[in-house]
Amino acid sequence: VFPGSLCFYDPAQHPGVKGLLALTLDDAPCSRRDRDFAMVVEIRELLREYEAQATFFCCTDYVAGHEEAMHDLLRDGHEVANHCP
């Protein structure tokens with residue numbers, strides 16, 4: 001992407017990664033217990049508009065109350081991962 005930037009996969013050795021970008025979202029969509037701050041609907045619409053997939057790194061302490069949103073993201077083909085121990 002940028003000259004001198006670090007590439008974790010060498011396209012010469014892994015030709016399938018050429019032109020791809022890993023999109024990750026930290027502490028999203030549930031960095032708070034209040035669902036009004038989650039913006040899941042808006043994020044899903046934006047990703048769908050651009051036919052993009054993302055990995056959502058969540059703090060497990062705040063997932064409670066956002067279970068349906070997590071299921072929706074998974075159904076859309078996104079990844080959900082644990083950000084906190």
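Me: In what order do the strands form the sheet?
Reply: Strands of a sheet pair through backbone hydrogen bonds, either parallel or antiparallel. In this predicted model, 3 strands form an open sheet with the order 1-2-3 and parallel pairing. Strands (E, at least two residues) and helices (H or I, at least four) are DSSP runs numbered from the N terminus, and two strands pair if DSSP finds at least two bridges between them. The edges are strand 1 (24-26) and strand 3, each pairing on one side only. From one strand to the next the twist averages 20°, taken between N-to-C directions of lines fitted to C-alpha atoms, on a scale from 0 to 180 degrees.

Me: How many bridges join strand 1 to strand 2?
Reply: There are 3, and the two strands run parallel. Leucine 25 stands opposite phenylalanine 56 of strand 2.

Me: What joins strand 2 to strand 3?
Reply: Strand 2 (residues 55-58) and strand 3 (residues 79-82) run parallel, joined by 4 bridges. Between them the chain passes through helix 2 (residues 67-75) in a right-handed β-α-β crossover: with the strands pointing away from the viewer, the path over the helix runs clockwise. Cysteine 58 has asparagine 82 of strand 3 as bridge partner.

Me: Is cysteine 58 buried or exposed?
Reply: Cysteine 58 is buried, at 2% relative accessibility (buried is under 20%, exposed over 50%, partly exposed in between, with a 1.4 Å probe and protein chains only). Cysteine 59 is also buried, at 12%.

Me: How many disulfides does the structure hold?
Reply: A disulfide is a covalent bond between the sulfur atoms of two cysteines. The structure holds 0, counting cysteine sulfur pairs within 2.5 Å.

Me: Which conventions apply?
Reply: Residues are numbered from 1 along each chain as its sequence is written, and side-chain values use heavy atoms, leaving out hydrogens and water. Local features need pLDDT of at least 70 and side-chain atom pairs count only at 80 or more, while totals for chains, interfaces and linings use all residues.
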